[in-house]
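Please read it alongside the sequence and the 3D view.

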Amino acid sequence: MPKIKTNRGAAKRFRKTGTGKIRRNKAFTSHILTKKTTKRKRELRQGSIVSAVDHKNISRLIPYM
């Protein structure tokens with residue numbers, strides 16, 4: 001059985017926690033920040049856990065992480 005290649009784009013965007021959950025960063029933080037409130041920008045800094053629906057597909061993209 002050959003090895004599975006890691007999707008390099010996904011490897012830069014997702015990482016696994018110690019318990020096996022997948023962490024992600026929130027979107028909408030790169031530009032057009034003047035119209036976003038300070039509270040909204042502050043909350044976007046916090047990472048979050050990938051939803052259960054997407055967990056299977058993303059874990060296939062990053063098999064060895």
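Two residues are in contact when heavy atoms of theirs lie within 4.5 Å. On that basis, of the contacts in the protein chain with a separation of 6 or more, 60% join residues 24 or more positions apart. The model is predicted.

**Overall dimensions**
- The radius of gyration of the protein chain is 15 Å, whereas a compact globule of 65 residues would come out near 11 Å.
- Along the principal axes, the C-alpha atoms occupy a box of roughly 50 × 25 × 20 Å.
- Of the 65 residues, 15% are buried.

**Secondary structure and sheet**
- The protein chain contains three helices and three strands, arranged along the sequence as α-β-β-α-β-α.
- The three strands form an open sheet in the order 1-2-3, with antiparallel pairing.
- Two bridges link strand 2 and strand 3 in the antiparallel sense, and Arg24 lies opposite Ser48 in strand 3.

**Lys36**
- Lys36 sits in the loop between strand 2 (22-24) and helix 2 (38-44).
- Lys36 is buried but has no salt bridge; the nearest side chain of opposite charge is that of Glu43, 13 Å away.
- The Lys36 side chain reaches two backbone oxygens: that of Phe28 at 2.9 Å and that of His31 at 3.3 Å.
- Apart from neighbours within four places in sequence, Lys36 is in contact with Phe28, His31 and Lys41.

Note on methods:
Residues are numbered from 1 along each chain as its sequence is written. This is a predicted model: local features need pLDDT of at least 70, side-chain atom pairs count only at pLDDT 80 or more; totals for chains, interfaces and linings use all residues. Side-chain values use heavy atoms; hydrogens and water are left out. Helices (H or I, at least four residues) and strands (E, at least two) are DSSP runs, numbered from the N terminus. Buried means under 20% relative accessible area, exposed over 50%, partly exposed in between (1.4 Å probe, protein chains only). Lys and Arg count as positive and Asp and Glu as negative; His and the chain ends are not counted. A salt bridge is a side-chain nitrogen of Lys or Arg within 4 Å of a carboxyl oxygen of Asp or Glu. A polar contact is a pair of N or O atoms within 3.5 Å; within protein, one must be able to donate a hydrogen and the other to accept it, and residues adjacent in sequence count only if both atoms are side-chain atoms. Two strands pair if DSSP finds at least two bridges between them. The radius of gyration is taken over C-alpha atoms; the globule rule is 2.2 Å times the number of residues to the power 0.38.
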